[in-house]
Amino acid sequence: MIKVGVLGLQGAVREHVQAILNCGEEAVVIKKREQLDEIDGLILPGGESTTMRRLLDKYDFMDKLCEFGRQNKPMFGTCAGLILLAREIKGYDQPHLGLMDVIVERNSFGRQVDSFEADLAIAGVTDHFNAVFIRAPHILEVGEDVEILAKHNGRIVAARDGHILGCSFHPELTDDLRLTQYFIDMVKMQKNVINSCK
Ligand code: GLN
């Protein structure tokens, strides 16, 4: 059995918790940095990345989250969560966590389409995934070791950098558990690797 945390400072926290439970795994809402020691993988939800960053600073999460990522524990950023993970954010001097080797652009689908749904093929997951985009970012560039998992109209909207997964959309807002399950499988596999190294 694995424990998956959902960063619980702001955003679509409950929906991710429910998706993890629906996959049959244990979910923990992470509100304090010490709780990161209890979990095998972490979801950073969608919401508003600048607000989340303010709260991460306020509750002294930043170094502990970076350490979590450096221990190769799996992390999954959805929408604002992807922005938090990115190595670079277009138009900004500094990234937030900078753990995923991608460059992202915020709110990149234009103001006139604040939200929309699209049918996506996601490599290793499915050829048809109904993805919900809300004031979504997209990935402009990926590093050498990053696998592109999905594109929408030529723009990268899901990618994996080793133990770090990121997507522009909100998988937790539909009943489709397949991307959450993909992340859970990453967490299970990584837990076996970490245990066999002990
Ligand atoms: N536009 C938001 C941001 O920049 C992300 C939107 C979302 O998470 N749905 O943080």
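Predicted model: local features only at pLDDT ≥ 70, side-chain atom pairs only at ≥ 80, totals over all residues.
Me: What makes up the chain in terms of helices and strands, and why is the chain called as compact as a globular protein of its length?
Reply: The chain has five helices and 12 strands; these are DSSP runs numbered from the N terminus, H or I over at least four residues for helices and E over at least two for strands. Its radius of gyration is 15 Å, close to the 16 Å that the globule rule gives for 198 residues, so the chain is as compact as a globular protein of that length. The radius is taken over C-alpha atoms, and the rule is 2.2 Å times the number of residues to the power 0.38. Along the principal axes, the C-alpha atoms fill a box of roughly 45 × 35 × 35 Å.

Me: Why is His16 called buried?
Reply: Happy to set the number against the cut-off. A residue is buried if 20 or more other C-beta atoms (placed from the backbone) lie within 10 Å of its own, exposed if 12 or fewer, and partly exposed in between. His16 has 30 other C-beta atoms within 10 Å, so it is buried. It sits in helix α1 (residues 13-22). Over the whole chain, 44% of the 198 residues count as buried.

Me: What does His16 touch, leaving aside its neighbours within four places in sequence?
Reply: His16 is in contact with Val6, Ile43, Pro45 and Glu172, where contact means C-beta atoms, placed from the backbone, within 7 Å.

Me: Why does Asp40 count as partly exposed?
Reply: Asp40 has 19 other C-beta atoms within 10 Å, so it is partly exposed. This residue belongs to the loop between β2 and β3 (41-44). Not counting residues up to four places away in sequence, Asp40 touches Ile2, Lys3, Val4, Lys73, Val187 and Lys191. Asp40 and Ile194 are 154 residues apart in sequence, yet their C-alpha atoms are 9.9 Å apart.

Me: What makes strand β1 largely enclosed?
Reply: Four of the five residues of β1 (residues 3-7) are buried, so the strand is largely enclosed by the rest of the structure.

Me: How do you know that β1 and β2 pair?
Reply: Two strands pair if DSSP finds at least two bridges between them. For β1 and β2 (residues 26-30) there are five bridges, in the parallel sense. In β2, Val28 is the bridge partner of Gly5.

Me: Which strands pair with β12, and in what sense?
Reply: Strand β4 (residues 75-78) pairs with β12 in the parallel sense over four bridges, and Met75 stands opposite Ile164. Strand β11 (residues 155-161) runs antiparallel to β12, also joined by four bridges, with Asp161 opposite Ile164. In the β11 and β12 hairpin, two residues lie between the strands and Gly162 takes a positive phi near 60°.

Me: Which way do the residues of β12 point?
Reply: Ile164 and Gly166 point one way from β12 (residues 164-167), Leu165 and Cys167 point the other way, and all are buried.

Me: What makes the phi values of Cys79 and Asn153 worth a look?
Reply: Most residues other than glycine have a negative phi. Cys79 has a positive phi near 55°, and Asn153 has a positive phi of about 50°. Cys79 is in the loop between β4 and α4 (80-85), whereas Asn153 is in the loop between β10 (147-152) and β11.

Me: Are these two residues buried or exposed?
Reply: Cys79 has 29 C-beta neighbours inside 10 Å, so it counts as buried. Asn153 has 8 inside 10 Å, so it counts as exposed.

Me: Which residues are around the ligand, and how do they divide?
Reply: Cys79 is one of them, along with Gly46, Gly47, Glu48, Ser49, Ala80, Ile83, Arg106, Asn107, Ile134 and Arg135. Each has its C-beta atom, placed from the backbone, within 6 Å of the ligand. The shell divides into four nonpolar, four polar and three charged residues. Here Ala, Val, Leu, Ile, Met, Phe, Trp, Tyr, Cys and Pro count as nonpolar, Asp, Glu, Lys and Arg as charged, and the others, Gly among them, as polar.

Conventions:
Residues numbered from 1 in each chain as written. Contact = placed C-beta atoms within 7 Å.
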